[in-house]
Amino acid sequence: MIMLRRTALLTLGAMAMSPAHALYDPKPIALLELATGTWLGSLTYRDYQRSDKMVTLDTQMTVSLVAPDELSLYYVFDDGPAKTVYSYERMKLDLGANQLVWQSGTSKPGRTEYAITSSMVADGKSQITFEKITDAYRDKYDLEISKSNWLLTKHERNPAGAEILRSKYIFKKRES
C-alpha cells in the first residue's frame with residue numbers, strides 16, 4: 001500500500017514538473033476583435049402574433065471567442081415579471097468561403113448557413129452583412145461592432161418584394 005502511494009505521488013510529481021508549453025494560436029480575425037465582453041441593451045422584434053406590433057426586451061449578452069473566427073454568444077432576456085429567458089448561440093465566419101454559420105439553442109439546436117455579402121473593418125468598427133435566400137424569401141442581417149456599441153438588425157423580404165424589420169439588437173458595452 002505504501003509502495004503504491006509512493007508510486008502515485010512520484011507520478012503526480014513528475015507530471016507537475018513537465019514544462020509548460022506556450023500556445024501560439026492566431027489572433028482573432030479583425031472583424032471579431034471588438035466583439036468580446038459583456039453587452040447591455042435590448043432586443044426589439046416584430047410580434048409573431050400581431051405583425052404591426054414591436055416588442056422590446058431588456059437584454060444582456062456576453063460574447064467570447066471560441067476560435068479566431070468564431071464567437072460564443074450567451075443572452076439573458078427579461079421577458080416580463082419573474083420571467084427570464086436564456087439563449088446560447090455560436091457564429092463562425094469563414095471569410096475565404098464568404099460564409100457565416102450560426103448555431104443556436106441547446107434544447108432544440110439549429111444551424112443556419114448564410115452568405116457573407118460584405119465585410120469591412122474601418123474607422124474603429126467592424127461591419128458584416130450576411131443573408132440567406134430561400135425560394136423568394138430573404139433574411140438579411142447587418143452587424144456593426146465598435147469598441148462600445150453592438151447593433152444587429154434583421155430584415156425579411158417576402159415574395160412580393162416587401163421588406164420588413166424583423167428584429168434589432170442594440171447594445172452598449174458594459175465597462176468593467
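These legends accompany several close-up views of a predicted model.

View 1. The chain has 176 residues, and 28% of them count as buried. Among contacts with a separation of 6 or more, 32% are between residues 24 or more positions apart.

**View 2. Asp69 and Lys92 joined by a salt bridge.** Side chains of opposite charge can pair when their charged atoms come close. Here, the side chains of Asp69 and Lys92 meet in a salt bridge, with 3.0 Å from N to O. Asp69 sits in the loop between strand E2 (54-67) and strand E3 (70-78), while Lys92 belongs to strand E4 (residues 84-94), so the pair ties together parts that are 23 residues apart in sequence. Lys92 counts as partly exposed, because its relative accessibility is 35%.

View 3. Now look at Glu131 and Arg138, which form a salt bridge with their closest N and O atoms 3.7 Å apart. Both Glu131 and Arg138 are buried.

**View 4. A network of four charged residues.** Which residues are linked in a network of salt bridges? They are Asp139, Lys154, Glu156 and Arg166. Across the whole structure, a search finds 13 salt bridges.

**View 5. The largest pocket and its lining.** Rolling a probe the size of a water molecule over the atoms shows where empty space is left. The largest pocket has a volume of about 660 Å³. Its lining is made up of 22 residues, and Leu43, Tyr48, Glu89, Ser167 and Tyr169 lie nearest the centre of the pocket. Several strands supply at least two lining residues each, including strand E1 (37-46), strand E6 (110-122) and strand E10 (163-173). The largest share, 4 residues, comes from E4. If you sort the lining by type, you find 13 nonpolar, 5 polar and 4 charged residues.

Notes: Residues are numbered from 1 along each chain as its sequence is written. This is a predicted model: local features need pLDDT of at least 70, side-chain atom pairs count only at pLDDT 80 or more; totals for chains, interfaces and linings use all residues. Side-chain values use heavy atoms; hydrogens and water are left out. Buried means under 20% relative accessible area, exposed over 50%, partly exposed in between (1.4 Å probe, protein chains only). Contact means heavy atoms within 4.5 Å. On a 1 Å grid over the protein atoms alone, a cavity is a set of points where a 1.4 Å probe fits but cannot get out, and a pocket is an open set with protein on both sides within 12 Å along at least five of seven lines; lining residues have an atom within 4 Å of a point. Grid points are joined across faces, edges and corners, and a volume is the space filled by probe spheres set on the points. Ala, Val, Leu, Ile, Met, Phe, Trp, Tyr, Cys and Pro count as nonpolar, Asp, Glu, Lys and Arg as charged, and the others, Gly among them, as polar.
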